[in-house]
Amino acid sequence: MENFELIEEYVTGRLQGQDKQAFEQQLQSNPSLQSDVLMQKQIIESVKKARISELKAMLNQVPVGGAMQAGLSAGQIAAGIVATGVIVTSALFYFKPWEKAAIEPIKVEQKVIDAPAKTETSEATTTESAVESNPASTIAKPNIAPKKPAIKTVQPIAQPKIDVVDPTEEMSSSKASEKVSVDKSQAVTTSRVAVETNDSNKKYSFHYQFNNGKLILYGAFDRGLYEILEVNGDSHSIFLFYKDSYYLLNDKQTVVTPLAAIKDQQLIRKLKEYRGR
Amino acid sequence: MALRVFKLGSQLNETEVFDRICKGDEKALEVVYKKYYRMMTKLVITNSGTEEEARDVYQDALVVFWQKARSGNLVLTSKMSTYIYSICQNLWRKELDRKKRLSNEEKDSAESIDMDKPEREKIIAQCMEQLGETCRKVLMYYYFDEMSMQEIADKLGFANTDTAKTKKYKCKQKLDELVKAQYTEQDFLD
């Protein structure tokens, strides 16, 4: 195709003015050129479409769970978590005698509302996994209070729907190579770890320790919302979620230890996933 | 850098995010996507759309937004969310119209002008798949994102713009050959 560049400039709209006119004249009387142009149009169109699909696939990986959004109150987050039937308690720790809580595993069907999933791996993740939910933790109201639209110009929208985000695609990207085994089949339980916060010790501003199975958080935790996530897989792992960061807690750690945020993006994504349920 | 935006959360600086999108920062687009997800999908859901359709429309709208921002010709005269919202509205209106037409004129043959086109698209898409990852990216960045050779070189870690240029040329040539092998030129003339 000797006119390669000219055709491309024409097809991508970069050919202007006289050059364009001359080219179009030539085009009218040259069927072979017409055919080339048509082909190039379709090829470039397809390249663009491939990019659109790629961008959309990328967006599909973004977790959009309502409870993840900033600006929600502690109660709202707790409500969201309970409504989705999994993990975690929050500031409620103070009011519950966890030790006495009846351990009656309840099967909770996961809320995965989605039209045909786009990824092949979806079946592995959307199956109703048995999730142990501690009935004692369902204090919060099981309704999700959606975040207010940031814009006032939009038309008023009644009846907010419960979050129906599909975690499938996001899950499918996870790799087996995670440092901490957080497997799909693993049960995520409502945390029964007793927690105490201690803000009186100036030396420990953001630390933790386990003392007789009780988690003690040092620092100004009262003002923020913290959550404890327990993941029961091959190994039992406990995570702290606090101010948008995740921390791995070692329940054998009896010495006061500084908290260090997890940096592994894969793991964070996975934890987010569990937290969002 | 990108992570910082995530952490900013509600204090997300709109101008900064918009600038990044203009520069082709996909992470910034993700931030926007997440931030307005509820608001934008609600528009469709409360207007007789499904969740799936809502997400699709919102994603399409963001892709349009992305491309416009990338073109460098977009000057925001309103809030970013207002702008994206209006794209969503337009797209959803179009989709509703299309559905309506489809049900009204289901048997109208005028709709099916070119049945071969989707088939061709599929074949070209398959040819795209045969290209290597880098090739695909070069072409997509060049034709869709309209990145400069410098931007492509930066993004894909090429030594310089010449490398990017050569890559682009060769990749395009390869794609053309693959497509041509599937078709005689006559096939493209209807």
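Visitor: What percentage of the 190 residues of chain B count as buried?
Guide: This is a predicted model, in which local features need pLDDT of at least 70, side-chain atom pairs count only at pLDDT 80 or more, and totals for chains, interfaces and linings use all residues. Residues are numbered from 1 along each chain as its sequence is written, while chains are lettered from A and ligands numbered from 1 in the order in which they are written. A residue is buried if 20 or more other C-beta atoms, placed from the backbone, lie within 10 Å of its own, exposed if 12 or fewer do, and partly exposed in between. By that rule, the buried share of the 190 residues of chain B is 32%.

Visitor: How many helices and strands does chain B have?
Guide: Helices (H or I, at least four residues) and strands (E, at least two) are DSSP runs, numbered from the N terminus. Read from the N terminus on, the elements of chain B run α-α-α-α-α-α-α-α-α. The count for chain B is therefore nine helices and zero strands.

Visitor: How are H3(B) and H5(B) oriented to each other?
Guide: Two packed helices are described by the angle between their axes and the distance between the axes. With axes as lines fitted to C-alpha atoms, for helices over the stretch in contact, and angles running from 0 to 180 degrees between N-to-C directions, helix H3 (residues 26–45) and helix H5 (residues 80–104) of chain B come within 10 Å and cross at roughly 40°. Angles under 35 degrees count as roughly parallel, over 145 as roughly antiparallel, 65 to 115 as roughly perpendicular and the rest as oblique. H3(B) and H5(B) are therefore oblique.

Visitor: Into which classes do the residues of the contact of H3(B) with H5(B) divide?
Guide: Two residues are in contact if their C-beta atoms, placed from the backbone, lie within 7 Å, and those involved here include Tyr36(B) and Met39(B) of H3(B) and Ile84(B) and Trp92(B) of H5(B). Ala, Val, Leu, Ile, Met, Phe, Trp, Tyr, Cys and Pro count as nonpolar, Asp, Glu, Lys and Arg as charged, and the others, Gly among them, as polar. The residues of this contact divide into eleven nonpolar, two polar and no charged.

Visitor: Which helices are included in what covers the buried residues of H7(B)?
Guide: Helix H7 (residues 133–143) of chain B has buried residues, among them Val138(B), Leu139(B) and Tyr143(B). The cover over these buried residues includes, from chain B, helix H8 (149–156) and helix H9 (161–182), together with, from chain A, helix H3 (31–60).

Visitor: Is Ser48(B) exposed or buried?
Guide: Ser48(B) lies in the loop between H3 and helix H4 (51–71) of chain B. Most residues other than glycine have a negative phi, whereas Ser48(B), although not a glycine, has a positive phi of about 55°. Because Ser48(B) has 10 C-beta neighbours inside 10 Å, this residue counts as exposed.

Visitor: How many helices and strands does the secondary structure of chain A come to?
Guide: Chain A has 277 residues, and buried residues make up 28% of them. Its secondary structure comes to seven helices and eight strands.

Visitor: How many of the twelve residues of H2(A) are buried?
Guide: The expected span of a helix is 1.5 Å times one less than its number of residues, so helix H2 (residues 17–28) of chain A should span 16 Å, and its end C-alpha atoms, 17 Å apart, agree with this. H2(A) is hardly covered, and the count of buried residues among its twelve is zero.
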